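Subject: A structure for you to explore

Hello,

Here is the structure I promised to pass on to you. Please open it next to this email and follow along.

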Amino acid sequence: SSGINAEWPLRPGYFKELGEYDEGMGVWGGENMELSFRVWMCGGSMLFIPCSKVGHIFRPAHPYDFMGNNGDVVSKNYIRAARVWFDDELDFFFKIRPQFKDMEVGDLSERFALRERLQCKSYAWFIKNVFPELPLERDLLASGQFRTDENRCMDTRGGDLSQGGELHLGSCTDGVNSNSNRFMMLTKEHALMGLNFCTDSGYAESLQFHNCHGMGGGQRFVYDPATRRIKQDTGKCLTGDMQKQKVIMDECTDGNQAQLWTFEFTYF
């Protein structure tokens with residue numbers, strides 16, 4: 001086998017059968033995700049091998065450049081992958097990353113032809129069968145910026161990149177929001193999520209990010225459109241505490257603007 005991006009090994013013959021790299025991508029960045037989608041959606045699978053060891057040695061400097069702009073090259077690579085593989089979820093991707101919507105990524109006809117030739121499954125199939133913890137847009141009640149009547153918004157501050165991070169309260173973006181730390185999701189199954197993990201109160205005051213378990217409890221948040229409150233089974237309300245700069249669970253009180261929520265995108 002040969003290594004791909006020092007991340008996972010792949011049989012050379014299978015790599016060729018899959019269509020090799022997307023030659024429209026530049027330098028590096030995003031090709032690992034694109035190949036992963038292609039493997040799963042086009043009849044393959046990826047396995048964890050316990051006790052395997054992988055070494056990745058970084059050079060002190062790149063022996064190449066990014067054609068003048070690192071960010072644009074890597075962003076273009078990710079957008080090429082999204083446009084080919086995300087199907088009906090592409091619009092949702094651009095709600096999360098609106099700054100990428102109009103970026104030119106080159107001709108994609110060969111990539112769509114490859115997907116048809118390989119008879120690949122849909123992105124909805126991928127989410128349902130490979131990554132069911134991630135909701136599709138049709139599974140949501142609301143998404144985007146979650147704002148209190150005090151004009152403060154939920155902000156992960158990157159805390160949803162790993163388990164144990166806390167949900168904060170910060171400023172809001174007026175107009176188009178391009179800060180993914182302020183992109184939240186409330187599902188029809190009553191989970192309150194960042195882009196990676198579910199929030200969990202543990203029936204305590206503060207909210208932390210943990211794996212979504214789908215069993216309710218401290219991860220169950222019910223929104224009432226009539227009152228615009230988000231409550232848990234304890235009867236406490238989701239509250240944007242400006243003094244603590246955190247989103248907490250607190251006793252529900254009439255007229256408390258910190259407990260009244262509006263959403264950037266709604267599906268109810």
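Which residues point one way from β12, and which point the other way? C237, T239 and D241 point one way, whereas L238 and G240 point the other way. All of them are buried, where buried means under 20% relative accessible area, exposed means over 50% and partly exposed lies in between (1.4 Å probe, protein chains only).

Before going on, a word on how to read this. It is a predicted model, in which local features need pLDDT of at least 70 and side-chain atom pairs count only at pLDDT 80 or more, while totals for chains, interfaces and linings use all residues. Residues are numbered from 1 along each chain as its sequence is written, and side-chain values use heavy atoms, with hydrogens and water left out.

**Strand β12 and its partner**

β12 covers residues 237–241. Helices (H or I, at least four residues) and strands (E, at least two) are DSSP runs, numbered from the N terminus. β12 runs antiparallel to β13 (residues 246–250), and 5 bridges join the two; strands count as paired if DSSP finds at least two bridges between them. If you look across from T239, you will find I248 of β13 opposite. The hairpin of β12 and β13 has 4 residues between the strands, and Q245 takes a positive phi near 55° there.

**Two cores**

Next, the nonpolar cores. Such a core is a set of buried Ala, Val, Leu, Ile, Met, Phe, Trp, Tyr and Cys residues joined through side-chain atoms within 4.5 Å. The largest one has 28 residues, and those touching the most other members are F37, M41, W85, F86, F93 and Y123. Two or more residues each come from α1 (12–17), α2 (31–41), α3 (70–85), α4 (90–96) and α6 (123–129). A second, separate core holds 20 residues, including L141, F221, V247 and F263.

Leaving aside residues up to four places away in sequence, F37 touches C42, W85, F86, Y123 and F126 (contact means heavy atoms within 4.5 Å). F37 is also one of the buried residues of α2, a helix in which 9 of 11 residues are buried. Just after α2, G43 takes a positive phi of about 105°.

**Salt bridges**

How many salt bridges does a search of the whole structure find? It finds 14, each being a side-chain nitrogen of Lys or Arg within 4 Å of a carboxyl oxygen of Asp or Glu.

- D22 and R111 meet at 3.9 Å, N to O. D22 is in the loop between α1 and α2 and R111 in helix α5 (residues 109–117), 89 residues apart. Both D22 and R111 are buried.
- R228 and D149 meet at 2.4 Å, N to O. R228 is in the loop between β10 (222–224) and β11 (229–231), and D149 in the loop between β3 (140–148) and β4 (153–155), 79 residues apart. R228 is partly exposed at 23% relative accessible area, and D149 is partly exposed at 32%.
- K244 and E205 have their closest N and O atoms 2.9 Å apart. K244 lies in the loop between β12 and β13 and E205 in the loop between β8 (198–200) and β9 (208–210), so this pair ties together parts that are 39 residues apart in sequence. K244 is partly exposed at 42%, as is E205 at 37%.

Finally, salt bridges that share partners join D22, E34, R38, R80, E110 and R111 into one network.

Enjoy exploring!
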